[in-house]
Amino acid sequence: MFSLSNLVFLFFLIASICCTTKIHVTLYYPDNNLSGSQLYIRGNGSNINWDQGTLMKQTAANKWEIDLEISDLANEVEFKALVDDTTWQIGANFGLTVDSTKKTHSFVGYPWFYTTNGKYVYLRKVYSPQLKNTRDVVTYLPPSYYENKFKRYDQVIIACDGQNLFNKSTSFLVPWYIQNTVDELISEGKMEEVVVVGIDNAGEQRTVEYTYDYDPTVKDGGKADVYLDFVEDVVLPLVNSNYRLSAKKYTTLGSSLGGILSCYAGWTRPSVYDKSVCMSSSFWWNSESFNTNILVNKPAPEPLGSFYLDSGDQGDGKDDEEETIRVREHMKKLGYTMDQNLFYYLDKGAYHNEYYWGKRFWIPMTYLFAPSPDLV
Ligand SMILES: *[C@@H]1O[C@H](CO)[C@@H](O)[C@H](O)[C@H]1NC(C)=O
Ligand SMILES: *[C@@H]1O[C@H](CO)[C@@H](O)[C@H](O)[C@H]1NC(C)=O
Ligand SMILES: CC(=O)N[C@H]1CO[C@H](CO)[C@@H](O)[C@@H]1O
């Protein structure tokens, strides 16, 4: 016969078997930067909380582990590491989406605690055998890069007009100051860490390199595929061997002619690029041939990838506000969904220049690089 206490026991037994999942958390952080301090963890889970840290176990050099018990059918679990339970890791919470059909999950993370600023560094005089010219490549490495040498970066943006992105002394007008925007968004936990590779434009060759066809009114254009071969065959291997990158696919980014180049790259090379940021794109080029020729005659990317389009509405041609809207509407007809894989922003009052591109740069970053828990 069942007594009440048997029933209570049975209830807890079933509850603990049916509704517990375990997350095995492994964090890597250089011992020599801890100098005897220890890593703690806070977050949600039945054996940890947000008010007081739980000591992790150091299981090998530079390696800390703990098992988190997740009791209810919680779906998203978040946590953060601390040094000596006092110094919080910088950036977004670690997190993962719990798959309730699995008993065990594993999570691997690379926290950092002291650095809020990234850095940009140069690879000078990179030669292109495809284009027979030479240019600098400037790369922004995010805050954790020098502090946690175990981390590799899978979000890598390949950007046009490298001269104008970071450094006042090389910029055309004012730089975009991408480093400041990205540092701030990362530290506030509003985006994941990214690496930004800026490839300088080749001065007078800029127009021909950034355009996929010849515009008879401009009397120029048409070497975008050669330029993109240079990016793929020279720049990507170069940055992958110089920096700790682990991207499977890249983001392509540019403004003006760099905007149509980025959209063209994402549209025609989906095995290389899965996100395209096309700012104030010169969709007027060759009687709007991106809209009337490329989108019509080149098959939609497979898989579709994500596209961000924007414009201002001031100055010559209102910064192609209407041309941009026509491309957006066309892409919707071709299977894109707003705010899922197609993003659009109208910057009211903005002109076609670096000041405005830098000022609104945070918008594509938060759309395309929002921190998201991984399903493990
Ligand atoms: C986990 O903690 C985060 C941050 O405090 C909170 O937003 C979230 O709702 C919590 N999730 C669960 C399942 O309690
Ligand atoms: C900015 O560019 C100039 C000119 O190439 C260079 O001398 C300077 O070191 C650069 N600044 C930084 C912080 O790299
Ligand atoms: C204890 C220690 O060495 N802390 C250092 C870890 O690294 C950051 C930046 O790389 C330094 O600012 C800390 O002082």
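This is a predicted model: local features need pLDDT of at least 70, side-chain atom pairs count only at pLDDT 80 or more; totals for chains, interfaces and linings use all residues.
Ligand 2 is considered first. Asn167 places a polar side-chain atom 2.3 Å from an oxygen atom of ligand 2. For Ser169, an N or O atom of the side chain is 3.2 Å from an oxygen atom of ligand 2. On its own, ligand 2 has 360 Å² of accessible area, and the protein covers 47% of this.

Ligand 3 has its own set of neighbours. Asn33, Ser35, Tyr114, Thr115 and Glu147 surround this ligand. The shell divides into 1 nonpolar, 3 polar and 1 charged residues. Asn33 supplies a side-chain N or O atom that is 2.6 Å from an oxygen atom of ligand 3. The accessible area of ligand 3 on its own is 360 Å², of which the protein covers 52%.

Helix H5 spans residues 257-268. Helix H6 covers residues 285-297, and helix H7 covers residues 321-333. The axes of H5 and H6 come within 12 Å and cross at roughly 15°. An angle under 35 degrees counts as roughly parallel, so H5 is roughly parallel to H6. The crossing of H5 and H6 is left-handed. H6 also packs with H7. Here the axes come within 9 Å and cross at roughly 15°. H6 and H7 are therefore roughly parallel to each other. The crossing of H6 and H7 is right-handed.

Two backbone features occur in loops. The peptide bond that joins Glu302 and Pro303 is cis, with omega about -5°. Pro303 lies in the loop between H6 and strand S16, which spans residues 306-311. The other feature concerns Tyr177. Phi of Tyr177 is near 55°. This is a positive value in a residue other than glycine. Tyr177 is placed in the loop between strand S12 (156-159) and helix H2 (178-187).

Definitions and conventions. Residues are numbered from 1 along each chain as its sequence is written. Chains are lettered from A and ligands numbered from 1 in the order in which they are written. Side-chain values use heavy atoms; hydrogens and water are left out. A polar contact is a pair of N or O atoms within 3.5 Å; within protein, one must be able to donate a hydrogen and the other to accept it, and residues adjacent in sequence count only if both atoms are side-chain atoms. Accessible areas come from the Shrake-Rupley method with a 1.4 Å probe; for residues, only the protein chains shown count as cover. Axes are lines fitted to C-alpha atoms, for helices over the stretch in contact, and angles run from 0 to 180 degrees between N-to-C directions. Helices (H or I, at least four residues) and strands (E, at least two) are DSSP runs, numbered from the N terminus. Angles under 35 degrees count as roughly parallel, over 145 as roughly antiparallel, 65 to 115 as roughly perpendicular and the rest as oblique. A crossing is left-handed if the near helix is turned anticlockwise from the far one by less than a right angle, and right-handed if clockwise. A residue is near a molecule or strand if one of its heavy atoms lies within 4 Å of it. Ala, Val, Leu, Ile, Met, Phe, Trp, Tyr, Cys and Pro count as nonpolar, Asp, Glu, Lys and Arg as charged, and the others, Gly among them, as polar.
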